[in-house]
Amino acid sequence: HAQAGDSDLKSVSNSEDGNYNSLKVEGEDVIVQCVKQSEDGKGLVIRMYEAYGNTTSTYLSHRHVTAAFSINAVERHTSKEELPVSGNRIGPLKFTPFQIKTVYIE
């Protein structure tokens, strides 16, 4: 099992099967650091961060979204509430300066 800080996560640009190609983040302040299949095999895990020291909000889009949750680095749900989803868009996701967020997409 992956531990916080492990580097076994796939980069968006290194997708071999095309599953990550439809992943998009609106705006320029938030960077997607990595994407991988979830440990439970049922979804995607996306880790992103605010890169420029700003408070911002953004939307994350993916072609297959039925639900989305905030999770921690070891893939545990950090809140009981789902993140807002409309169509294939998740958000708004609010970031403080340099904040890291991990999102689980079903």
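## Briefing on an all-strand predicted model

Phe-98 is found in the loop between β7 and β8, where strands (E, at least two residues) and helices (H or I, at least four) are DSSP runs numbered from the N terminus. This is a predicted model, in which local features need pLDDT of at least 70 and side-chain atom pairs count only at pLDDT 80 or more, while totals for chains, interfaces and linings use all residues. Residues are numbered from 1 along each chain as its sequence is written, and side-chain values use heavy atoms, with hydrogens and water left out.

**Overall make-up**

- The protein has 0 helices and 8 strands, and reading along the sequence gives the pattern β-β-β-β-β-β-β-β.
- Of its 106 residues, 38% count as buried, a word that here means under 20% relative accessible area, with exposed meaning over 50% and partly exposed the range in between (1.4 Å probe, protein chains only).
- The accessible surface, computed by the Shrake-Rupley method with a 1.4 Å probe and, for residues, with only the protein chains shown as cover, comes to about 6300 Å², of which 45% belongs to carbon and sulfur atoms.
- Among contacts (heavy atoms within 4.5 Å) between residues at least 6 apart in sequence, 63% join residues at least 24 apart.

**Strands and their pairing**

- Strands of a sheet pair through backbone hydrogen bonds, either parallel or antiparallel; in this text two strands count as paired if DSSP finds at least two bridges between them.
- An open sheet of 4 strands has the order β1-β4-β7-β6 with antiparallel pairing, and its edge strands, each pairing on one side only, are β1 (24-25) and β6 (85-86).
- Within this sheet, strand β4 (residues 56-61) pairs with β7 in the antiparallel sense over 5 bridges, and Ser-57 has Lys-94 in β7 as its bridge partner.
- Strand β8 runs antiparallel to β3, to which it is joined by 6 bridges, and the bridge partner of Met-48 in β8 is Lys-101.
- Strand β8 also runs antiparallel to β5, with 4 bridges joining them; here Phe-69 stands opposite Tyr-104, and Ser-70 stands opposite Val-103.
- Because 5 of its 6 residues are buried, β8 is largely enclosed by the rest of the structure.
- In a regular strand the side chains alternate between the two faces of the sheet. Both faces of β5 are covered, as Ala-68 and Ser-70 on one side and Phe-69 and Ile-71 on the other are all buried.

**Nonpolar cores**

- In soluble globular proteins, nonpolar side chains tend to be buried together; a nonpolar core is defined as a set of buried Ala, Val, Leu, Ile, Met, Phe, Trp, Tyr and Cys residues joined through side-chain atoms within 4.5 Å.
- The largest nonpolar core has 15 residues, of which Ile-46, Met-48, Leu-60, Ile-90, Leu-93, Val-103 and Ile-105 touch the most other members.
- The elements that give two or more residues to this core are β2 (30-37), β3 (44-50), β7 (89-95) and β8.
- Leaving out residues up to four places away in sequence, Ile-90 touches several residues, including Thr-58, Leu-60, Val-65, Leu-83 and Ile-105.

**Rings and charges**

- A search of the whole structure finds 1 aromatic pair, and such a pair requires rings of Phe, Tyr or Trp (its six-membered ring) with centres within 6.5 Å, called stacked if the planes are under 30 degrees apart, edge-to-face if over 60, and tilted otherwise.
- The rings of Phe-69 and Tyr-104 have centres 6.5 Å apart and planes at 50 degrees, so the pair is tilted.
- This pair links distant parts of the chain, since Phe-69 in strand β5 (residues 68-71) and Tyr-104 in strand β8 (residues 100-105) are 35 residues apart; both Phe-69 and Tyr-104 are buried.
- The charged end of Arg-89 sits over the ring of Tyr-59, 3.7 Å from its centre, where sitting over a ring requires NZ of Lys or CZ of Arg within 6 Å of the ring centre and within 35 degrees of the ring normal.
- Lys-101 lies over the face of Phe-95, at 5.4 Å from the ring centre.

**Backbone and loop details**

- Most residues other than glycine have a negative phi, and most peptide bonds are trans.
- Phe-98 has a positive phi of about 65 degrees although it is not a glycine, and Phe-98 is exposed, with a relative accessible area of 55%.
- A cis peptide bond, with omega about 10 degrees, joins Gly-91 and Pro-92, and Pro-92 is found in strand β7.
- Thr-66, in the loop between β4 and β5, is exposed with a relative accessible area of 65%.
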